Amino acid sequence: MSTLSDCQCPDAASTGLSRRSLLRGLATAGALGGVMTAVDGFNAQFAFAASPAAYTGDVLVVLSLRGGFDGLNAVVPIGDPAYLEARPTIGVPERSLIPAGGIFGLHPALAPLKKFWEAGTFGAVHAVGQDNPTRSHFQAMQELERAAPGSSLRTGWLDRTLGSRARGTIFQASQVGSNEVPLALAGPSAEMAMGSLDSFTIAGAWDTAERKRWTKALTAMNAGAPASIAAPAQATLGATSTTAALAAAKYTPAGGARYPKDSALGKALRDVARMIKADVGLQVACVDEGDWDMHANMGSADSGWMHDHLNDLAQALAAFATDLGSRFRKVTVVTLSEFGRRVVENGSGGVDHGHGNAVLLLGGGVNGGRVHGRWPGLADGDLVDGDLAGTTDYRAILGEILQKRCGAGSLSQIFPGLQGVSPLGVMKAA
């Protein structure tokens, strides 16, 4: 068995952000009439401002679990006899699991989402992978977010999705909870990134009067500028006016929703819910949660690193769904991670980089309450170089979401080369 010292990989949280920042130019280069505007805790790329587009599909929330999510200990194939044989120390015993149908059970830390599973609005797809798998965080995430294997495309799949629609508001695609624009949004379509709604403001504008003074000055400064500069500047100022109004209004989550205290993920999803309910024109929200690179000390079924991370994830998602109320029916959340973990535990009480993984789905249009996909098995002869095989291309899941819930037509421009894929039945038609 390998140990932690064998890995040589940096911490996943820092890997995901610092390495993505090296490719930051991909998200800004070649923008059509775009401009980068700096405000406090905010980076944004805007194309010309436009009236709200006639988009009527779901708000798609892409939750990136960076570092390599361990789908085998989250959606547990307890009915596969090789599972506990491979994980005698960190495997989750059947008595602790939430029944999920067939051979599967959910990790007990996902209990806050149990009612959504039973209601059929929370589900999973297992043994999900991507072409040409790699165990490099950087390469795997880059390919996952580009989603165009075998091509020379440098744009991200979300940017191509937005490019197939009429242009929306300046809030159409927003990274929330981080100032880093993900590679999935790389390309010419408008996007923004914010640490939080409350910090999304002009640097130096510490109160309403000062914000008005700055807005007046910046508007005058750009009055004689070419449209390619003036329009994005006005869009930026308009965005800060909108978020200032949202920040000024005291927000109370609806339905008794309680986001986990001191949770970065909870705060980000709370802001996404605020944006959805404020009708700012949000179509795509990207949210990151890091620190899933659990090479050592993963913990047990009822405590430790994996348990705590899963419980934070479950509490945040459950609060988000509850907070949305009736709007939940028009929202789809999908989790993505660059790769899964190896089947066999290592000598440090963790698992190293692998391949096949579990994708989680939450939303009013989800065919939930079950685990979708073809299970390949965990016997030695079923593995791919010691990893769970990827029997479902993750793009097939995304494609079904886009077509059934987000109004997409042909997927050929969004996912070039994806052919002969039958719908998995993970989503209901809108």
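1. A search of the whole structure, a predicted model, turns up 0 disulfides.

2. Salt bridges overall. The count comes to 18 salt bridges.

3. D131 and R395. These two form a salt bridge, with the closest N and O atoms 3.6 Å apart. The pair links distant parts of the chain, 264 residues apart. D131 sits in the loop between β7 (122-129) and α5 (137-146), while R395 belongs to helix α11 (residues 394-405). D131 is partly exposed, with a relative accessible area of 41%. R395 counts as buried, at 4%.

4. D387 and R135. Their side chains meet in a salt bridge at 2.8 Å, N to O. D387 lies in the loop between β13 (371-372) and β14 (392-393), and R135 in the loop between β7 and α5, so the bridge ties together parts 252 residues apart in sequence. D387 is buried, at 4% relative accessibility. R135 is partly exposed, with a relative accessible area of 33%.

5. E400 and K404. This salt bridge between side chains has an N to O distance of 3.1 Å. E400 and K404 are separated by about one helical turn, because they are 4 residues apart in helix α11. E400 is buried, with a relative accessible area of 5%. K404 is partly exposed, at 27%.

Methods:
Residues are numbered from 1 along each chain as its sequence is written. This is a predicted model: local features need pLDDT of at least 70, side-chain atom pairs count only at pLDDT 80 or more; totals for chains, interfaces and linings use all residues. Side-chain values use heavy atoms; hydrogens and water are left out. A disulfide is a pair of cysteine sulfur atoms within 2.5 Å. A salt bridge is a side-chain nitrogen of Lys or Arg within 4 Å of a carboxyl oxygen of Asp or Glu. Helices (H or I, at least four residues) and strands (E, at least two) are DSSP runs, numbered from the N terminus. Buried means under 20% relative accessible area, exposed over 50%, partly exposed in between (1.4 Å probe, protein chains only).
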